[in-house]
Amino acid sequence: MSSIAYLTDTNMLDYHRLKGNQTMAFWRFSLKDFARFSQGDLFFFIDRRERHPHTNEKGLVGYGRCASIKNLSISQTWKTYKTATGYNTYKNFQDSVRYYRKNDHRLPAQIQTILLEDVIFFQHPIFLSEIGIALNERLESFTYIEKEGR
């Protein structure tokens, strides 16, 4: 079993947290599979707003268990998962995808969608440094959560 911590769209996090959703469709631009992550593994959410008061480290705010990983077009993703994407409308979902494209605001041909089940949000953020795992402060997307190779 492997675990990943991923910087997560804060609007998507807020939507799922407020709705109390236990299933969500996490999406990302890379279509490449993770080297050490598959069905049944844990997927943790990093929220860039939740910072450690002394170190400024980003905090983990919840997690889900990977049920499936699919590469789909934006419209297929919406048709398959609808509000599980974290947005009330298809337009809001498209706008978010465009926003995160940074310098190229066109919609990509495909995105990778990771269906997460048994989603749980923490009452307070958890900071990996407090349990002896370093989190790179310049993390741009994801990291494997491992301690001493485990």
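On the face of α3 that is turned away from its buried side, the exposed residues are K91 and Y99. The model is a predicted one, in which local features need pLDDT of at least 70 and side-chain atom pairs count only at pLDDT 80 or more, while totals for chains, interfaces and linings use all residues. Residues are numbered from 1 along each chain as its sequence is written, and side-chain values use heavy atoms, with hydrogens and water left out.

Throughout, buried means under 20% relative accessible area, exposed means over 50%, and partly exposed lies in between (1.4 Å probe, protein chains only). Helices (H or I, at least four residues) and strands (E, at least two) are DSSP runs, numbered from the N terminus. The buried residues of α3 are F93, Q94, S96 and V97. They lie on the same side of α3 because they cover an arc of only 160° around the axis, the arc being that of the directions from the helix axis to the C-beta atoms. The cover over these buried residues of α3 includes β2, α2 and β5, where contact means heavy atoms within 4.5 Å. After α3 comes K102, which has a positive phi near 55°.

In α2, the buried residues are I74, T77, W78 and Y81. Their arc around the axis is only 95°, so they too are placed on the same side of α2. The buried residues of α2 pack against β2, β4, α3 and β5, and K82, which follows α2, has a positive phi near 45°.

**Strands**

Two strands pair if DSSP finds at least two bridges between them. The strands β3 and β4 pair in the antiparallel sense over seven bridges, and F45 has G62 in β4 as its bridge partner. These two strands form a hairpin with six residues between them, and in the turn N56 has a positive phi of about 70°. β4 is also joined to β5, antiparallel to it, by ten bridges, and there the bridge partner of Y63 is I120 in β5.

**Nonpolar cores**

A nonpolar core is a set of buried Ala, Val, Leu, Ile, Met, Phe, Trp, Tyr and Cys residues joined through side-chain atoms within 4.5 Å. The largest has 23 residues, of which F43, F45, F93, I114 and L116 touch the most other members. At least two residues of this core come from each of β1 (3-7), α1 (10-19), β2 (24-28), β3 (42-51), β4 (58-72), α2 (74-81), α3 (90-100) and β5 (111-126). The greatest contribution to this core is that of β5, with five residues. Another core, of ten residues, lies apart from it and includes A5, L60, F122 and I133.

**Salt bridges**

Side chains of opposite charge can pair when their charged atoms come close. A salt bridge is a side-chain nitrogen of Lys or Arg within 4 Å of a carboxyl oxygen of Asp or Glu, and the whole structure holds six of them.

| Salt bridge | N to O distance |
|---|---|
| D14 and R49 | 2.9 Å |
| D47 and R49 | 2.8 Å |
| D104 and R106 | 2.8 Å |

The pair of D14 in helix α1 and R49 in strand β3 links distant parts of the chain, 35 residues apart. D14 is partly exposed at 26% relative accessibility, as is R49 at 43%, whereas D47 is buried at 1%. Through shared partners, salt bridges join D14, D47 and R49 into one network. In the remaining pair of the table, D104 is partly exposed at 22% and R106 is exposed at 59%.

**Aromatic rings**

Rings of Phe, Tyr and Trp (its six-membered ring) pair if their centres lie within 6.5 Å; planes under 30 degrees apart count as stacked, over 60 as edge-to-face and the rest as tilted. The structure contains 15 aromatic pairs. One of them is the edge-to-face pair of W27 and F29, with 5.7 Å centre to centre and 75° between the planes. Another is the tilted pair of Y87 and F93, at 6.2 Å and 40°. F93, a buried residue, has 0% relative accessibility. Ring pairs link W27, F29, W78, Y87, Y90, F93, Y99 and Y100 into a cluster.
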